[in-house]
Amino acid sequence: MVAKHYRPPGKKKEGNAAKFVTRSQALKLLQISLPLFRKLCILKGVTPREPKKKFKGTHQTYYHVKDIAFLHHEPLLEVHRAIKTHERKIKKAEAKKNIERANRLRGQTPKPKIDRIIRQRYPRFVDALGELDDCLSMVHLFAALPASESKKIDVERVHKCRRLAHEWQAFISRTHKLRKAFVSVKGIYYQANVEGQAITWLTPHSLQQVVSEDVDLPTMLNFLQLYEPLLGFVNFRLYHSINLKYPPLLDPRLEALAADLYALSRYVGRNTRPSAVSSESVDLVEHEQVEAKQSVGQSEDEKSELRLAQLHHQLPSNEPGPGALMHLVEEAAGDEEEEEDQDTRECRKLFENMKFFLSREVPRESLLFVIPAFGGVVSWEGEGGPFAESDQSITHQIVDRDAQGHRFLSREYVQPQWIFDCVNARIILPTMDYAVGKIPPPHLSPFVDNEEEGAYVPDYAQTIKHLQAAARKEILPLPGAGKDLEDPQNLLAEGVVDRAEANEAAQRKQKMMMLEQQYHEDLKKELQHVTYTPADSKVDKQVSVEVTQTGEGSISDVQNVDDMSKLLMSRKKRKLLEAMQISNERKQAKHDLIKQRKKKIEAAQAQGS
């Protein structure tokens, strides 16, 4: 038996022991605490590794040596050490009852800057857009959270997140980049297409949020420390791409009414073309903002609600006529429309020439974002709206309660789901199914591909597909048309039909072939002036017998297609085919389960009625 080799002291490590270190070893090398190490890993993007051989045990967390060396030379590490030293000075001043010195030191506390880290992690603007999904979800989440000193959620941080979220929504609404919207239990999912990048984020519902004790808020705050400047840089770049100054100057009256979304759209509309703002107007706006901050008449709830309107007004404040106030922003130049792709032009014209009015019970902030993004003009019930409910040019009023005090015959009353379904279908759906008091159709997710092979297609998805074809003046093929005349074996191999349908198709095909042959023979006899004899009946019987025999033979041939094809396959392809068949069987089982549940629901509804 060969003795185990031990590394002599002083010899260099080899293998995984030289490439990886555990988390405790990394903390000793960096001489920092565990919370600071986690924060640095989040900011720098350092993640744990999984070595092939875990030399210290499977219960340890391993990091690459180069990643730890990367953190060791990070200037942000020195800044945090300086902050720790500065906190000791503040504690020492407080212990000596030197309050003046302690307050002065608090104002001189070093602050870490994340600008350089963002530049390192995202060298190109496309890279930042590609990783913006989590950033937007986190910023929108903190924009809806209540401020809490115990949980270290400052009021300024909440307001900053709300401002960044509204600036992002203003750009998406102005440039008509929104593509999908889906309302779920968790919140509202949005998807936008910016410079070829599909960006999906989640926005919580406009309800009172309760922070659970199980949530790791320090880790989320560390991520937010990175995401706030990242979204700020992205907004800066996007606003300058459409010749707008950043940060925008908002109308102080609308800002005081928490109509940030609305004021942002007005700002975007006025400044779409490159123009310089005079110093007098800037001073006037700053003076009005100071006066607005000094007023303390509004409550916190009113301020949070007023943040939502500024996205959607873009015409100058001196433009006459309330009917044109909510038109979406005019294009900066005529060639800008030519630069738009077909998808953007289609989205911009969806709600064109439509005016919407929102009742107080509907999700106002979400609809103020979605409707102008698709070319609509919108107002709301309450102070700050561009036009009143009595405006006769309103085409649709969004309501969510049965009792209506006064109904206008010149407009349609629909539920909020109608807006989202129209956006996802890209057509104006009939409003009769979304009338007030009726149970609306199922809200289908636009993130599910119904065209995928073997996917379950709901009935309402089929209805929307036919409505889309009718709107585009297309003719859809009948279900199953053209399949019976094709080769059933190819259909079975491609997964278009199952085995039972392939057997039936083969039988029908053989019958058609034999009947066609009999028809040609009868034509020949008729041309030869041959009279009908009883022997012809025997021929017909023989033909029918042959048809059934050939049909049975074709069925057996179809059943042996898989076996014959598997014999000619290599092992790798055969295993792949078996995996595909198992996957198709699982999908079919799910579809059958959904159909069974649907039948039970329909039966229960029939009994109840």
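## Buried residues and the chain as a whole

A residue is called buried when its relative accessible area is under 20%. In this predicted model, buried residues make up 37% of the 609 residues in the chain.

The secondary structure of the chain comes to 25 helices and nine strands.

## Gln 417 in helix α19

Gln 417 is found in helix α19, which covers residues 417-425. Its relative accessibility is 18%, and because the cut-off for a buried residue is under 20%, Gln 417 counts as buried.

The side chain of Gln 417 reaches the backbone oxygen of Pro 441 at 2.7 Å.

## The buried side of helix α4

In helix α4, which covers residues 65-72, Asp 67, Ile 68 and Leu 71 are buried. These residues lie on the same side of α4, because they cover an arc of only 100 degrees around the axis.

The buried residues of α4 pack against several other elements, namely β1 (20-22) and β2 (62-64) among the strands, together with the helices α2 (23-30), α3 (34-44) and α5 (75-95).

## Helix α10 and its partner α18

Two packed helices are described by the angle between their axes and by the distance between the axes. For helix α10 (residues 155-175) and helix α18 (residues 364-373), the axes come within 8 Å and cross at roughly 25 degrees. Because angles under 35 degrees count as roughly parallel, α10 is roughly parallel to α18. On the side of α10 the contact is made by His 166, Gln 169, Ile 172 and Ser 173, while α18 contributes Glu 365, Phe 369, Pro 372 and Ala 373. Sorted by type, the residues of this contact between α10 and α18 divide into four nonpolar, three polar and one charged.

Glu 167 is also found in helix α10, and with a relative accessibility of 2% Glu 167 counts as buried. The side chain of Glu 167 makes a polar contact, at 2.4 Å, with the side chain of Tyr 246.

Definitions and conventions: Residues are numbered from 1 along each chain as its sequence is written. This is a predicted model: local features need pLDDT of at least 70, side-chain atom pairs count only at pLDDT 80 or more; totals for chains, interfaces and linings use all residues. Side-chain values use heavy atoms; hydrogens and water are left out. Helices (H or I, at least four residues) and strands (E, at least two) are DSSP runs, numbered from the N terminus. Buried means under 20% relative accessible area, exposed over 50%, partly exposed in between (1.4 Å probe, protein chains only). A polar contact is a pair of N or O atoms within 3.5 Å; within protein, one must be able to donate a hydrogen and the other to accept it, and residues adjacent in sequence count only if both atoms are side-chain atoms. The arc is that of the directions from the helix axis to the C-beta atoms. Contact means heavy atoms within 4.5 Å. Axes are lines fitted to C-alpha atoms, for helices over the stretch in contact, and angles run from 0 to 180 degrees between N-to-C directions. Angles under 35 degrees count as roughly parallel, over 145 as roughly antiparallel, 65 to 115 as roughly perpendicular and the rest as oblique. Ala, Val, Leu, Ile, Met, Phe, Trp, Tyr, Cys and Pro count as nonpolar, Asp, Glu, Lys and Arg as charged, and the others, Gly among them, as polar.
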